[in-house]
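Reader: I'd like to go through some of the labels on this model. Can you set each one against its cut-off?

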Amino acid sequence: MKAVLLDEKRFATDLERPTPKKITDYVTFEETPQDNQTIIERCRDADIMINGSLRIEREVIEALPNLKLIQLLSVGSNHIDKQACEDHDVKLLNAPDFASATVAEHTMMLLLSAMRASIHYHNKVKSGEWKEKGRADIIDAEAIDLEGLTIGMIGIGDIGKRITKLAKAYDMNVLWAERQGRKPRNDNYTDFETVLSKSDVITIHCPLTEETKHLINQDTLSKMSKKPLLVNVARGKIVDSEALASAVKQEQILGYATDVFENEPAGENDPIVQLANEGHPRIILTPHMGAGSRASQVKLWKIITRQINDFIENNQS
């Protein structure tokens with residue numbers, strides 16, 4: 001079978017990525033623009049498409065009669081037209097659990113950076129202000145310890161469970177949020193609105209679905225009575241950016257640390273980027289790279305290789 005990798009640039013250039021042994025024809029592209037005609041042209045004769053973050057729409061799937069498998073380089077699959085895949089008998093596989101450790105660590109980095117106002121104080125040293133004044137003015141943005149605080153988690157998969165262990169190592173109290181509007185499934189979970197009201201930090205790890213789009217909105221933000229820090233390492237559209245920015249400005253919440261944005265790549269018109277540009281000490285931004293450690297790339301390629309080989313093995317005529 002022929003396979004096409006559309007975004008080789010997702011991997012480190014010196015990372016060894018042996019071709020899955022069941023593939024007979026393999027073509028790679030360093031990167032591919034978000035353009036349907038280009039994607040169609042590059043995958044014209046492909047049986048297998050290997051794709052990272054490109055949106056794959058119905059138009060693309062319908063134009064590729066040979067396509068049998070879309071193998072994703074991600075856990076999330078909300079950027080693929082799943083109904084079109086089903087209609088045209090195209091198998092869709094994600095890459096489960098390859099980044100659980102690194103995303104959990106990235107979450108804690110964002111959390112700590114915001115609570116300690118690290119960018120704010122980094123800039124004091126970088127700009128020469130500290131040297132000029134001879135003091136750091138630490139009352140400008142309080143350094144907040146995690147010990148004894150309550151962290152509420154929305155989405156409890158492998159990442160959430162890893163963060164639970166990390167948070168407990170900092171002597172934090174941990175709450176697992178049940179889905180909005182549902183009773184807790186067991187004693188490990190707490191109802192959604194209670195988590196909102198009792199948490200000093202709220203971290204987001206759930207998938208983007210119709211149910212979770214803009215889950216964090218003006219209404220849910222208003223129920224965060226302890227004015228928590230929000231950390232988002234899931235999907236940008238889970239948070240209503242305009243409502244979030246307004247809540248930060250009105251000091252309804254402490255700040256926002258995020259690896260994801262409603263529209264990516266985010267630019268100067270993004271309301272969260274604007275908050276960062278205004279110098280808010282607890283707005284910490286990274287460019288959707290929380291899963292990108294070298295170790296996670298190694299794990300990812302092993303998963304991809306195994307799944308592609310298994311697929312070909314099970315679908316040979």
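Reader: Why is K133 called partly exposed?

Author: K133 has 40% relative accessibility, and buried means under 20% relative accessible area, exposed over 50%, partly exposed in between (1.4 Å probe, protein chains only), so K133 counts as partly exposed. This is a predicted model, where local features need pLDDT of at least 70, side-chain atom pairs count only at pLDDT 80 or more, and totals for chains, interfaces and linings use all residues. Side-chain values use heavy atoms, with hydrogens and water left out, and residues are numbered from 1 along each chain as its sequence is written.

Reader: What makes K133 and E129 a salt bridge?

Author: Their closest N and O atoms are 3.3 Å apart, and the rule asks for a side-chain nitrogen of Lys or Arg within 4 Å of a carboxyl oxygen of Asp or Glu, so the pair qualifies. Both residues sit in helix α6 (residues 129-133), about one turn apart; helices here are DSSP runs of H or I, at least four residues, and strands are runs of E, at least two, numbered from the N terminus.

Reader: Why is D137 called buried?

Author: Its relative accessible area is 15%, so D137 falls under the buried limit. D137 also forms a salt bridge with R135, at 2.6 Å between the closest N and O atoms. Shared partners join K124, E129, K133, R135, D137 and D140 into one network.

Reader: How do you know that β6 pairs with β7?

Author: Four bridges join β6 (residues 150-154) to β7 (residues 173-177), and pairing takes at least two DSSP bridges, so these parallel strands pair.
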